[in-house]
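This report describes selected features of one protein model. It takes up a strand and its sheet, then some helices, then the cavities.

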Amino acid sequence: MFDITRRTVLGAAASAAAFGLARKLEVTLPARAEAQVEPATGFYKYTVGSIEVTAIYDGIWRKPHDPAFIKNASVDETKQALAKAGLTTDFMPIPLTVVVLKVGDRLIMMDAGSGVGQWQANATHLPANMKAAGIDYTKIDTLMISHFHPDHVWGLMEKQTNAPIFPNAEIIVNDTEYQWWTDPGRVDKLAEGRKAAGRRIASVFPTWKNWNRVENGAEVAPGIQMIAAPGHTPGHSVFLVTSGNEQLMVSADTMYVPALLAPHPEWQGSYDQDGPMAIATRHKLIDRVIADNIKICGSHFPFPGSGTFVKDGNAYAFTPTVQA
(Lines give C-alpha, C1' and ligand atoms only; values in the text may rest on other atoms or scores of the structure.)
Protein backbone atom coordinates (compact mmCIF):
# COMPACT_ATOMS: atom_id res chain seq x y z
CA MET A 1 0.00 0.00 0.00
CA PHE A 2 2.57 2.55 1.18
CA ASP A 3 6.32 2.44 1.42
CA ILE A 4 7.68 3.77 4.67
CA THR A 5 8.70 7.44 4.45
CA ARG A 6 10.45 9.70 6.95
CA ARG A 7 10.72 13.40 7.48
CA THR A 8 14.25 14.64 7.12
CA VAL A 9 15.90 15.56 10.41
CA LEU A 10 16.78 19.24 10.39
CA GLY A 11 20.21 19.82 8.93
CA ALA A 12 21.67 21.08 12.19
CA ALA A 13 20.66 17.93 14.03
CA ALA A 14 21.97 15.58 11.40
CA SER A 15 25.22 17.44 11.03
CA ALA A 16 25.83 17.61 14.75
CA ALA A 17 25.15 13.89 15.12
CA ALA A 18 27.51 13.08 12.28
CA PHE A 19 30.35 15.02 13.91
CA GLY A 20 29.62 13.77 17.41
CA LEU A 21 28.87 17.14 18.99
CA ALA A 22 27.94 16.84 22.64
CA ARG A 23 25.82 20.03 22.75
CA LYS A 24 22.09 19.46 23.08
CA LEU A 25 20.26 20.56 19.95
CA GLU A 26 17.03 22.52 19.79
CA VAL A 27 15.11 20.60 17.10
CA THR A 28 11.63 21.91 16.43
CA LEU A 29 9.33 19.83 14.26
CA PRO A 30 6.27 21.21 12.47
CA ALA A 31 3.10 21.32 14.52
CA ARG A 32 1.18 18.07 14.26
CA ALA A 33 -1.09 18.18 17.30
CA GLU A 34 -4.18 17.48 15.25
CA ALA A 35 -2.56 14.40 13.72
CA GLN A 36 -1.91 13.15 17.25
CA VAL A 37 -5.61 13.13 18.10
CA GLU A 38 -6.73 10.68 15.43
CA PRO A 39 -4.88 9.70 12.22
CA ALA A 40 -6.65 10.09 8.91
CA THR A 41 -6.02 6.44 8.01
CA GLY A 42 -5.91 3.71 10.64
CA PHE A 43 -3.35 1.42 9.02
CA TYR A 44 -0.02 1.79 7.25
CA LYS A 45 1.92 -0.79 5.24
CA TYR A 46 5.64 -1.01 4.56
CA THR A 47 8.20 -3.72 3.98
CA VAL A 48 11.29 -5.10 5.64
CA GLY A 49 12.95 -7.21 2.99
CA SER A 50 10.27 -9.68 1.89
CA ILE A 51 8.19 -9.21 5.05
CA GLU A 52 5.09 -7.03 4.85
CA VAL A 53 4.58 -4.91 7.95
CA THR A 54 1.18 -3.43 8.75
CA ALA A 55 0.96 -0.83 11.50
CA ILE A 56 -2.58 -0.68 12.91
CA TYR A 57 -3.94 2.12 15.05
CA ASP A 58 -5.73 1.01 18.22
CA GLY A 59 -6.44 4.35 19.87
CA ILE A 60 -4.90 7.12 21.93
CA TRP A 61 -4.80 7.83 25.63
CA ARG A 62 -5.42 11.50 26.19
CA LYS A 63 -3.69 11.26 29.53
CA PRO A 64 -4.19 14.27 31.82
CA HIS A 65 -0.91 15.85 32.83
CA ASP A 66 0.34 14.26 36.02
CA PRO A 67 3.46 15.29 37.98
CA ALA A 68 4.04 11.61 38.81
CA PHE A 69 4.11 10.46 35.17
CA ILE A 70 7.82 11.21 34.80
CA LYS A 71 9.49 10.74 38.17
CA ASN A 72 12.35 13.17 37.58
CA ALA A 73 10.68 15.86 35.45
CA SER A 74 7.96 18.42 36.09
CA VAL A 75 4.75 18.86 34.12
CA ASP A 76 6.16 22.10 32.72
CA GLU A 77 9.23 20.22 31.47
CA THR A 78 7.15 17.51 29.83
CA LYS A 79 4.94 20.13 28.18
CA GLN A 80 8.04 21.88 26.82
CA ALA A 81 9.27 18.58 25.34
CA LEU A 82 5.89 17.95 23.70
CA ALA A 83 5.84 21.46 22.23
CA LYS A 84 9.34 21.07 20.79
CA ALA A 85 8.17 17.88 19.08
CA GLY A 86 5.19 19.70 17.57
CA LEU A 87 2.65 17.79 19.68
CA THR A 88 -0.32 18.98 21.64
CA THR A 89 0.30 20.12 25.20
CA ASP A 90 -3.39 19.95 26.16
CA PHE A 91 -2.78 16.43 27.44
CA MET A 92 -0.11 13.74 27.26
CA PRO A 93 -0.75 11.99 23.90
CA ILE A 94 -0.04 8.26 24.22
CA PRO A 95 -1.16 6.45 21.05
CA LEU A 96 -1.09 2.68 20.71
CA THR A 97 -0.03 0.97 17.50
CA VAL A 98 -0.12 -2.78 16.94
CA VAL A 99 2.06 -4.34 14.26
CA VAL A 100 1.19 -7.40 12.16
CA LEU A 101 3.89 -9.13 10.11
CA LYS A 102 3.17 -11.23 7.03
CA VAL A 103 6.04 -13.71 6.86
CA GLY A 104 5.42 -15.98 3.90
CA ASP A 105 1.92 -17.32 4.51
CA ARG A 106 2.04 -16.66 8.26
CA LEU A 107 0.42 -13.74 10.08
CA ILE A 108 2.30 -12.73 13.23
CA MET A 109 0.83 -10.13 15.57
CA MET A 110 3.21 -8.19 17.78
CA ASP A 111 1.25 -7.66 21.03
CA ALA A 112 -2.53 -7.92 21.14
CA GLY A 113 -3.63 -4.36 21.71
CA SER A 114 -5.67 -3.09 24.62
CA GLY A 115 -8.97 -4.81 23.96
CA VAL A 116 -12.00 -2.88 22.74
CA GLY A 117 -12.67 -0.27 25.41
CA GLN A 118 -10.73 -2.17 28.05
CA TRP A 119 -7.72 0.15 28.37
CA GLN A 120 -9.16 3.51 27.40
CA ALA A 121 -12.69 4.36 26.32
CA ASN A 122 -11.54 5.53 22.88
CA ALA A 123 -9.11 2.66 22.27
CA THR A 124 -11.61 0.75 20.19
CA HIS A 125 -10.23 1.01 16.67
CA LEU A 126 -8.15 -2.14 16.28
CA PRO A 127 -10.81 -4.53 14.87
CA ALA A 128 -12.10 -2.08 12.25
CA ASN A 129 -8.60 -0.98 11.23
CA MET A 130 -7.42 -4.59 10.93
CA LYS A 131 -10.37 -5.29 8.66
CA ALA A 132 -9.67 -2.19 6.58
CA ALA A 133 -6.06 -3.36 6.21
CA GLY A 134 -7.27 -6.71 4.88
CA ILE A 135 -6.23 -8.69 7.96
CA ASP A 136 -8.55 -11.37 9.34
CA TYR A 137 -7.78 -11.69 13.05
CA THR A 138 -9.00 -15.30 13.01
CA LYS A 139 -6.08 -16.08 10.70
CA ILE A 140 -3.41 -14.86 13.15
CA ASP A 141 -0.98 -17.76 13.58
CA THR A 142 1.27 -16.34 16.30
CA LEU A 143 1.26 -13.52 18.82
CA MET A 144 4.51 -12.21 20.26
CA ILE A 145 3.98 -10.47 23.58
CA SER A 146 6.46 -7.84 24.74
CA HIS A 147 5.12 -7.59 28.30
CA PHE A 148 1.97 -7.97 30.36
CA HIS A 149 0.80 -4.37 30.75
CA PRO A 150 -2.93 -4.02 29.95
CA ASP A 151 -2.49 -1.94 26.79
CA HIS A 152 -0.51 -4.83 25.28
CA VAL A 153 -2.40 -7.93 26.46
CA TRP A 154 -6.01 -7.05 27.27
CA GLY A 155 -6.63 -7.66 23.56
CA LEU A 156 -6.02 -11.35 24.24
CA MET A 157 -9.26 -11.57 26.25
CA GLU A 158 -12.92 -10.79 25.84
CA LYS A 159 -14.00 -7.86 27.99
CA GLN A 160 -16.71 -9.50 30.07
CA THR A 161 -15.79 -13.18 30.09
CA ASN A 162 -11.98 -13.24 29.78
CA ALA A 163 -12.46 -15.86 27.07
CA PRO A 164 -9.41 -16.15 24.79
CA ILE A 165 -9.73 -14.26 21.52
CA PHE A 166 -6.91 -16.28 19.92
CA PRO A 167 -7.44 -19.77 21.38
CA ASN A 168 -5.64 -21.58 18.58
CA ALA A 169 -2.71 -19.22 18.05
CA GLU A 170 0.73 -19.71 19.54
CA ILE A 171 1.40 -16.98 22.12
CA ILE A 172 5.10 -16.30 22.67
CA VAL A 173 6.42 -14.48 25.73
CA ASN A 174 9.67 -14.13 27.66
CA ASP A 175 9.53 -16.73 30.41
CA THR A 176 10.80 -14.16 32.93
CA GLU A 177 7.76 -11.97 32.25
CA TYR A 178 5.33 -14.86 32.55
CA GLN A 179 6.87 -16.18 35.75
CA TRP A 180 6.97 -12.74 37.41
CA TRP A 181 3.29 -11.93 36.84
CA THR A 182 1.98 -15.41 37.67
CA ASP A 183 4.18 -16.03 40.70
CA PRO A 184 2.00 -17.05 43.68
CA GLY A 185 1.63 -14.10 46.00
CA ARG A 186 2.56 -11.55 43.31
CA VAL A 187 -0.76 -9.74 43.48
CA ASP A 188 -0.31 -8.96 47.17
CA LYS A 189 3.07 -7.37 46.43
CA LEU A 190 1.78 -5.08 43.69
CA ALA A 191 1.00 -1.40 44.20
CA GLU A 192 -2.70 -0.86 44.86
CA GLY A 193 -3.30 0.61 41.41
CA ARG A 194 -1.92 -2.52 39.72
CA LYS A 195 -3.64 -5.18 41.79
CA ALA A 196 -6.71 -5.49 39.56
CA ALA A 197 -4.56 -6.08 36.47
CA GLY A 198 -2.39 -8.51 38.41
CA ARG A 199 -5.42 -10.51 39.55
CA ARG A 200 -6.77 -10.77 36.03
CA ILE A 201 -3.45 -11.99 34.66
CA ALA A 202 -2.89 -14.47 37.50
CA SER A 203 -6.38 -15.94 37.25
CA VAL A 204 -6.66 -16.19 33.46
CA PHE A 205 -3.30 -16.66 31.75
CA PRO A 206 -2.20 -19.85 33.56
CA THR A 207 -5.38 -21.59 32.38
CA TRP A 208 -4.34 -21.31 28.73
CA LYS A 209 -2.34 -24.06 27.05
CA ASN A 210 -1.08 -22.14 24.02
CA TRP A 211 1.72 -20.19 25.71
CA ASN A 212 5.23 -20.67 24.38
CA ARG A 213 7.57 -19.34 27.08
CA VAL A 214 11.03 -18.68 25.69
CA GLU A 215 14.41 -17.42 26.87
CA ASN A 216 16.36 -14.34 25.84
CA GLY A 217 17.84 -14.60 22.36
CA ALA A 218 15.46 -17.28 21.14
CA GLU A 219 14.54 -17.40 17.46
CA VAL A 220 10.78 -17.24 17.84
CA ALA A 221 9.97 -17.45 14.12
CA PRO A 222 12.11 -17.54 10.99
CA GLY A 223 14.09 -14.28 10.98
CA ILE A 224 12.63 -13.05 14.28
CA GLN A 225 14.66 -12.99 17.49
CA MET A 226 13.36 -12.13 20.95
CA ILE A 227 15.72 -9.86 22.90
CA ALA A 228 15.29 -9.18 26.61
CA ALA A 229 14.90 -5.44 27.27
CA PRO A 230 14.15 -5.27 31.01
CA GLY A 231 13.35 -2.27 33.13
CA HIS A 232 9.88 -1.32 31.98
CA THR A 233 8.86 -4.70 33.37
CA PRO A 234 11.14 -7.54 34.56
CA GLY A 235 10.66 -9.54 31.37
CA HIS A 236 9.94 -6.75 28.90
CA SER A 237 11.23 -7.87 25.49
CA VAL A 238 11.72 -6.52 22.00
CA PHE A 239 11.80 -8.39 18.69
CA LEU A 240 14.43 -8.04 15.97
CA VAL A 241 12.99 -8.83 12.54
CA THR A 242 15.47 -9.67 9.77
CA SER A 243 14.76 -10.23 6.08
CA GLY A 244 17.52 -10.05 3.49
CA ASN A 245 19.72 -7.09 4.35
CA GLU A 246 16.97 -5.18 6.20
CA GLN A 247 16.02 -5.21 9.86
CA LEU A 248 13.22 -3.85 12.03
CA MET A 249 13.35 -3.46 15.81
CA VAL A 250 9.88 -3.87 17.30
CA SER A 251 10.78 -1.93 20.43
CA ALA A 252 7.50 -2.06 22.41
CA ASP A 253 7.83 0.35 25.37
CA THR A 254 11.60 0.83 25.51
CA MET A 255 11.27 4.43 24.26
CA TYR A 256 7.56 4.68 24.82
CA VAL A 257 7.04 8.44 24.36
CA PRO A 258 9.91 9.59 22.10
CA ALA A 259 8.98 13.27 22.38
CA LEU A 260 9.95 13.02 26.05
CA LEU A 261 12.54 10.27 26.26
CA ALA A 262 14.58 10.85 23.09
CA PRO A 263 15.86 14.28 24.22
CA HIS A 264 15.74 13.16 27.87
CA PRO A 265 16.62 9.45 27.97
CA GLU A 266 17.44 9.78 31.67
CA TRP A 267 13.81 10.54 32.53
CA GLN A 268 12.13 7.71 34.41
CA GLY A 269 8.54 6.85 33.59
CA SER A 270 6.22 5.98 36.47
CA TYR A 271 5.29 2.77 34.65
CA ASP A 272 8.90 1.57 34.58
CA GLN A 273 9.28 -1.20 37.13
CA ASP A 274 13.00 -0.48 37.47
CA GLY A 275 13.78 3.06 36.32
CA PRO A 276 17.62 2.88 36.22
CA MET A 277 17.49 -0.42 34.34
CA ALA A 278 14.96 1.01 31.87
CA ILE A 279 17.33 3.91 31.18
CA ALA A 280 20.29 1.58 30.58
CA THR A 281 18.19 -0.60 28.29
CA ARG A 282 16.95 2.46 26.39
CA HIS A 283 20.48 3.65 25.64
CA LYS A 284 21.68 0.18 24.67
CA LEU A 285 18.80 -0.47 22.28
CA ILE A 286 18.68 2.92 20.58
CA ASP A 287 22.47 3.03 20.21
CA ARG A 288 22.32 -0.36 18.48
CA VAL A 289 19.51 0.75 16.17
CA ILE A 290 21.52 3.82 15.14
CA ALA A 291 24.85 1.99 14.76
CA ASP A 292 23.38 -0.87 12.71
CA ASN A 293 20.93 1.26 10.68
CA ILE A 294 17.94 -0.74 11.89
CA LYS A 295 14.39 0.47 11.27
CA ILE A 296 12.44 0.87 14.50
CA CYS A 297 8.82 0.96 15.57
CA GLY A 298 7.36 1.47 19.03
CA SER A 299 3.97 0.86 20.56
CA HIS A 300 3.51 4.50 21.62
CA PHE A 301 5.36 6.35 18.87
CA PRO A 302 3.18 8.82 16.94
CA PHE A 303 1.14 6.82 14.44
CA PRO A 304 2.12 5.00 12.24
CA GLY A 305 4.40 4.09 15.10
CA SER A 306 7.82 4.24 13.50
CA GLY A 307 10.61 6.71 12.87
CA THR A 308 14.34 7.31 13.06
CA PHE A 309 16.76 8.26 15.81
CA VAL A 310 20.11 10.05 15.59
CA LYS A 311 22.55 10.83 18.37
CA ASP A 312 22.27 14.28 19.92
CA GLY A 313 25.13 14.55 22.40
CA ASN A 314 24.26 12.12 25.17
CA ALA A 315 20.63 12.03 24.05
CA TYR A 316 18.77 11.50 20.78
CA ALA A 317 16.72 13.34 18.17
CA PHE A 318 13.66 11.50 16.89
CA THR A 319 11.95 11.98 13.53
CA PRO A 320 8.56 10.26 13.25
CA THR A 321 7.36 8.60 10.09
CA VAL A 322 4.65 10.58 8.32
CA GLN A 323 1.92 8.79 6.39
CA ALA A 324 2.19 9.30 2.63
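In this predicted model, strand β1 is largely enclosed by the rest of the structure, because 5 of its 6 residues are buried. Buried here stands for under 20% relative accessible area. β1 pairs with strand β2 (residues 51-63) in the antiparallel sense, over 6 bridges. Within this pair, Tyr44 stands opposite Ala55 in β2. The two strands β1 and β2 form a hairpin that has 2 residues between them. Gly49 lies in the turn and has a positive phi of about 60°.

**The sheet**

β1 belongs to an open sheet of 7 strands, in the order β1-β2-β3-β4-β5-β6-β7, and the pairing is mixed. At the edges are β1 (43-48) and β7 (211-214), each of which pairs on one side only. On average, neighbouring strands of this sheet are turned by 25° against each other, direction ignored. In a regular strand, side chains alternate between the two faces of the sheet.

Strands β4 (residues 106-110) and β5 (residues 142-145) run parallel and are joined by 3 bridges. Met110 of this sheet stands opposite Met144 in β5.

**Helices**

Helix α6 (residues 175-182) lies across β6 (170-174) and β7. Its direction is at about 85° to β6. Helix α6 also has a part in covering another helix, α8. In α8 (residues 195-204), the buried residues are Lys195, Ala197, Gly198, Arg200, Ile201 and Val204. The cover over these residues includes α5 (150-153) and α7 (186-189) as well as α6.

**Cavities**

How many cavities of 30 Å³ or more does a search of the whole structure find? The search finds 4. The table gives the volume and the lining classes of two of them.

| Cavity | Volume | Lining residues by class |
|---|---|---|
| Largest | about 110 Å³ | 7 nonpolar, 5 polar, 1 charged |

Which residues line the second largest cavity? They are Lys63, Pro64, His65, Asp66, Phe69, Ser74, Val75, Thr78 and Met92. One of them, Lys63, falls within the residue range of β2, 51-63.

Conventions. Residues numbered from 1 in each chain as written. Predicted model: local features only at pLDDT ≥ 70, side-chain atom pairs only at ≥ 80, totals over all residues. Heavy atoms only, no water. Pairing = 2+ DSSP bridges. Helix = DSSP H or I, 4+ residues; strand = E, 2+ residues; numbered from the N terminus. Axes fitted to C-alpha atoms, helices over the stretch in contact; angles between N-to-C directions. Contact = heavy atoms within 4.5 Å. Buried < 20%, exposed > 50% of the residue type's maximum accessible area, 1.4 Å probe, protein only. 1 Å grid on protein atoms, 1.4 Å probe; cavity = no way out; pocket = protein on both sides within 12 Å on 5 of 7 lines; lining within 4 Å. Points joined across faces, edges and corners; volume = space filled by probe spheres on them. Nonpolar A, V, L, I, M, F, W, Y, C, P; charged D, E, K, R; others polar.
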